[in-house]
Amino acid sequence: FEYLSDGVAVDGQPCALAANGAAGVYFATTKGVGLCAKGDPAAAKVEVFKSTMWDPTKIVHVSAHSMVVAGAKDGVVRVLDPATLAETKALPPHRGEITALAATTTTLAAGDADRDIKLYALPGLDLKLHSIWRFHTSRVTDLAFRPHEGGGADYLASTASDETIYVWSIDKPHDVPVKFDFAHKDGVTALAWIDEAHLLSAGNDANALKWKPL
C-alpha cells in the first residue's frame with residue numbers, strides 16, 4: 001500500500017466517513033459535514049463544507065434514494081441535501097447521542113448512547129421499531145445489515161462497548177436474537193458482513209474475528 005495524496009485539510013476533527021461512488025466521500029467532523037470530491041487522489045479537495053449548530057457524530061449515504069443522513073450528539077437524526085448538505089428534515093430525538101448509523105434500500109438503523117436501536121422506513125423515514133432492541137448494557141458502537149438480494153436486508157448485527165454482538169431478525173423483531181458474549185475484551189468497535197453467512201468484528205483488544213451467526 002502507498003499514500004495517494006498528502007491528505008485533505010478539513011475544519012474540525014473527522015469523526016465519520018460515507019463513500020459515494022459517483023461523487024466522492026461524505027464526511028462528518030466536530031464542526032460540520034462535507035463532501036470530498038472524487039477525482040485525482042493527488043489533487044483531492046473539499047468540494048462542499050457545511051458548518052452546523054449541532055455536533056455531528058455519524059454520517060451515511062443512501063444512494064438508492066439520493067439521501068445523506070447524519071447523526072449528532074443531541075440525539076437527532078437529520079436528512080441532508082446530497083449536493084449542498086443543507087438540512088432538509090430532522091427526526092424526533094433519541095434519548096442519547098447517535099453513535100451508529102447503517103442503511104439499506106428500505107431501512108435506516110440508528111443506534112445511540114442510551115442503548116436503543118431504532119429502525120426507520122426509507123425513503124419516508126417513518127419509525128418502524130424502537131425500545132425493543134435494548135439488550136446492550138452500554139452505548140451501541142456499530143450496526144451492520146446483512147447483505148440481501150435486491151439491496152434490502154433481513155438481519156441487523158449490532159455491537160457495543162459491553163463486549164457483546166447481537167444479530168436481530170428484521171422480519172421478526174420480537175424473536176430472541178443471536179448473541180455472542182465477550183466477543184472482544186474492552187468492547188467491540190466495528191462490524192461488517194463478509195457475505196450472507198459470515199460476520200467480521202473488530203475490537204479494542206486489537207483483534208478481528210470472524211463469526212457464523214446464522
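Predicted model: local features only at pLDDT ≥ 70, side-chain atom pairs only at ≥ 80, totals over all residues.
## Two exposed loop residues with positive phi

At 72% relative accessibility, A206 counts as exposed. Its spot is the loop between strand 18 (199-203) and strand 19 (208-211). What is the phi of A206 like? Phi of A206 sits near 65°, which is a positive value in a residue other than glycine.

F182 is another case to look at. Phi of F182 is near 50°, again a positive value in a residue other than glycine. You'll find F182 in the loop between strand 16 (178-180) and strand 17 (188-193). Is F182 buried or exposed? With a relative accessibility of 70%, F182 counts as exposed, because the cut-off for exposed is over 50%.

## The sheet around the A206 loop

The strands on either side of A206, strand 18 and strand 19, belong to an open sheet of 3 strands in the order 17-18-19, with antiparallel pairing. Strand 17 and strand 19 are the edges here, each pairing on one side only. On average, neighbouring strands of this sheet are turned by 20° against each other, direction ignored.

Strand 18 and strand 19 pair in the antiparallel sense over 4 bridges. For one of the residue pairs, go to A202: its bridge partner in strand 19 is A208.

## The overall picture

Zooming out, the secondary structure of the protein comes to 0 helices and 19 strands. The radius of gyration is 17 Å, close to the 17 Å that the globule rule gives for 214 residues, so the protein is as compact as a globular protein of that length. Taken along the principal axes, the C-alpha atoms fill a box of roughly 50 × 40 × 35 Å.

How much of the protein is buried? Buried residues make up 46% of the 214 residues. The accessible surface comes to about 10700 Å², and carbon and sulfur atoms account for 52% of that. As for contacts between residues at least 6 apart in sequence, 37% of them join residues at least 24 apart.

Strand 3 (residues 32-37) pairs with strand 4 in the antiparallel sense over 5 bridges. Which residue of strand 4 is the bridge partner of G32? That would be S51.

T52 lies in the loop between strand 4 and strand 5. Why does T52 count as buried? Its relative accessibility is 18%, and the cut-off for buried is under 20%, so T52 falls on the buried side.

The side chain of T52 reaches the backbone oxygen of W54 at 2.6 Å. Leaving out residues up to four places away in sequence, T52 touches K31, G32 and V33. Of these, G32 has already come up as the bridge partner of S51.

## Strand 6 and its two partners

Strand 6 (residues 67-72) is mostly covered, with 6 of its 6 residues buried. In a regular strand the side chains alternate between the two faces of the sheet. In strand 6, M67, V69 and G71 point one way while V68, A70 and A72 point the other way, and all are buried.

Strand 5 (residues 56-62) pairs with strand 6 in the antiparallel sense over 6 bridges, and P56 stands opposite A72. The hairpin of these two strands has 4 residues between them, and S66 takes a positive phi near 50° there. Strand 6 also pairs with strand 7 (residues 77-80), in the antiparallel sense and over 4 bridges. The bridge partner of A70 in strand 7 is R78. Strand 6 and strand 7 form a hairpin too, with 4 residues between them, and G75 in the turn has a positive phi of about 85°.

## A cis peptide bond

One last stop is the peptide bond joining L122 and P123. This bond is cis, with omega about 10°. P123 lies in the loop between strand 11 (117-121) and strand 12 (126-129).

Key
Residues numbered from 1 in each chain as written. Heavy atoms only, no water. Pairing = 2+ DSSP bridges. Rg over C-alpha atoms; globule rule 2.2 N^0.38 Å. Buried < 20%, exposed > 50% of the residue type's maximum accessible area, 1.4 Å probe, protein only. Contact = heavy atoms within 4.5 Å. Areas by Shrake-Rupley, 256 points an atom, 1.4 Å probe, with all protein chains shown as cover. Polar contact = N/O pair within 3.5 Å; in protein donor to acceptor, adjacent residues only side chain to side chain. Axes fitted to C-alpha atoms, helices over the stretch in contact; angles between N-to-C directions.
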